[in-house]
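Colleague: Could you walk me through this one? I would like to go through it topic by topic.

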Amino acid sequence: MTDVQTPATHPASGVLSRIFRTEQDGAPGDGHEQVVLCHDRSSGLKAIIAIHSTALGPALGGTRFFPYASEEAALEDALNLSRGMSYKNALAGLDLGGGKAVIIGDPNKDKNEAMLRAYGRFVESLRGRYITACDVGTYVQDMDVIARETEFVTGRSPEHGGAGDSSILTAFGVFQGMRATAQARWGQPTLRGKRVGVAGVGKVGHYLVGHLVADGATVVVTDPFEAAVNRVRAAHPEVEVVADTAALLQAKLDVYAPCALGGALTDSVVAALGEFGTSIVCGAANNQLAHPGVEKDLADRGILYAPDYLVNSGGVIQVADEIDGFNFERAKNKATKIFDTTLEIFTRAASDGIPPAVAADRLAEKRMREISALRTVLLPAARRA
């Protein structure tokens, strides 16, 4: 006999209710415009495309390929990541909305050409409402394959007219945000002489370590993948390596940089950061706050937090530039402005007596609200074309 659960008790019901939630329901920023479930039996593709907002323009966000424990966990991640992209793109000053996609599976075992091309056809079916790019588990070469089925893809290889590896400007942007945070905390925009811990030295963390070493910081790293650690050791033998995140938190850091998956800033992690005297949290990982209220706990402990979607927006700035014909120096100049925006967020937070994460949310929401209101102004048909 099949066990059929009622909607009230089904494990997916809580996640699904978020799609239709609005500010009036007491969940500001939640509520998604569109969520697409993609299933191609022949290739084995199981994917979810979540479009959070197109208030500023087509939704742009990467595709994550990850072995989720369940379909519900994949949906939860897609909703969180797509919402974050709306805020990230808004703060970056882009005329793009927020979206994200996840493919369920192990990228090292399950990924193949047929699956990527099937996914590309689903992206194409949205006719430009969603533009995809790289994320965890997907790479430039994957975007080239996806682009064989859809034009709505960025982050392609330079030989195909693309921007290439977006990790380069993601790391550069995080470094600019970290410099700004150092300016706000210590009065100088440099990490020279500071002890910086980087949790996760994959695509972005590796480049970030290079910026920190060049700036004169003492760098401590950890990563569960030996190959990632060995690559950092080969490039920067002076970097200290510790066994895991717990050891990193105890390394008497001035700055903690979470650069792996989301949810890194839990209650216990924040308590450890406070106990061992860490002054700043600034990293590349998306959705770092494990739950609402963590941002206040950080502020109460005197830890200055640079909102993740603000400082890690260099990558989306890079791939967004590809839409109109990629120019690296132009994109890099835009990513440099992350420094100024980060300082603006800290100034607003101090003036309003709120945590920086709240100040960043308010500024992003203000831009989305004001620009979307322009749609009430009717333009002549020739101008809309």
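Predicted model: local features only at pLDDT ≥ 70, side-chain atom pairs only at ≥ 80, totals over all residues.

Colleague: Fine. How many salt bridges does the structure hold?

Modeller: There are 20 salt bridges, where a salt bridge is a side-chain nitrogen of Lys or Arg within 4 Å of a carboxyl oxygen of Asp or Glu. One of them joins the side chains of Arg 129 and Glu 33, at 3.1 Å from N to O.

Colleague: Where do Arg 129 and Glu 33 lie?

Modeller: Arg 129 is in the loop between helix 3 (113-125) and strand 6 (130-131), and Glu 33 is in the loop between helix 1 (13-19) and strand 1, so the pair ties together parts that are 96 residues apart in sequence. Helices (H or I, at least four residues) and strands (E, at least two) are DSSP runs here, numbered from the N terminus. Arg 129 is partly exposed, with a relative accessible area of 30%, and Glu 33 is partly exposed too, at 40%.

Colleague: And Arg 330 with Asp 321, how about that pair? Is Asp 321 buried or exposed?

Modeller: Their side chains meet in a salt bridge of 2.7 Å, N to O. Asp 321 is buried, with a relative accessible area of 4%, whereas Arg 330 is partly exposed at 35%.

Colleague: Which helix holds Glu 370 and Lys 366?

Modeller: Both lie in helix 15 (residues 356-372), 4 residues apart, which is about one turn of the helix. Glu 370 has a relative accessible area of 42% and is partly exposed, as is Lys 366 at 37%. Elsewhere, salt bridges that share partners join Glu 113, Arg 117, Arg 121, Arg 148 and Glu 149 into one network.

Colleague: Switching to helix packing: at what angle do helix 13 and helix 14 pack?

Modeller: Helix 13 (residues 328-336) and helix 14 (residues 338-352) pack at about 15°, with their axes 5 Å apart. Axes are lines fitted to C-alpha atoms, for helices over the stretch in contact, and angles run from 0 to 180 degrees between N-to-C directions. That makes helix 13 roughly parallel to helix 14, given that angles under 35 degrees count as roughly parallel, over 145 as roughly antiparallel, 65 to 115 as roughly perpendicular and the rest as oblique.

Colleague: Which residues meet there?

Modeller: Lys 334, Ala 335 and Thr 336 in helix 13 meet Ile 338, Phe 339 and Asp 340 in helix 14, contact meaning heavy atoms within 4.5 Å. Also in helix 14 is Thr 341, which counts as buried at 17% relative accessibility. Leaving aside neighbours within four places in sequence, Thr 341 is in contact with Leu 91 and Leu 310.

Colleague: Now the strands. What is the strand order in the open sheet?

Modeller: The open sheet of 6 strands runs 9-8-7-10-11-12, with parallel pairing, and two strands pair if DSSP finds at least two bridges between them. Strand 9 (240-241) and strand 12 (304-305) are the edge strands, each pairing on one side only. Strand 8 (residues 218-222) pairs with strand 9 in the parallel sense over 2 bridges, and Val 220 has Glu 240 in strand 9 as its bridge partner.

Colleague: In which sense do strand 1 and strand 2 pair?

Modeller: Strand 1 (residues 34-40) and strand 2 (residues 45-53) pair in the antiparallel sense over 7 bridges, and Gln 34 has Ile 51 in strand 2 as its bridge partner. The two strands form a hairpin with 4 residues between them, and Gly 44 in the turn has a positive phi of about 90°.

Colleague: What is the phi of Arg 127?

Modeller: Arg 127 has a phi near 55°, a positive value in a residue other than glycine, and counts as exposed at 53% relative accessibility.

How values were computed. Residues numbered from 1 in each chain as written. Heavy atoms only, no water. Buried < 20%, exposed > 50% of the residue type's maximum accessible area, 1.4 Å probe, protein only.
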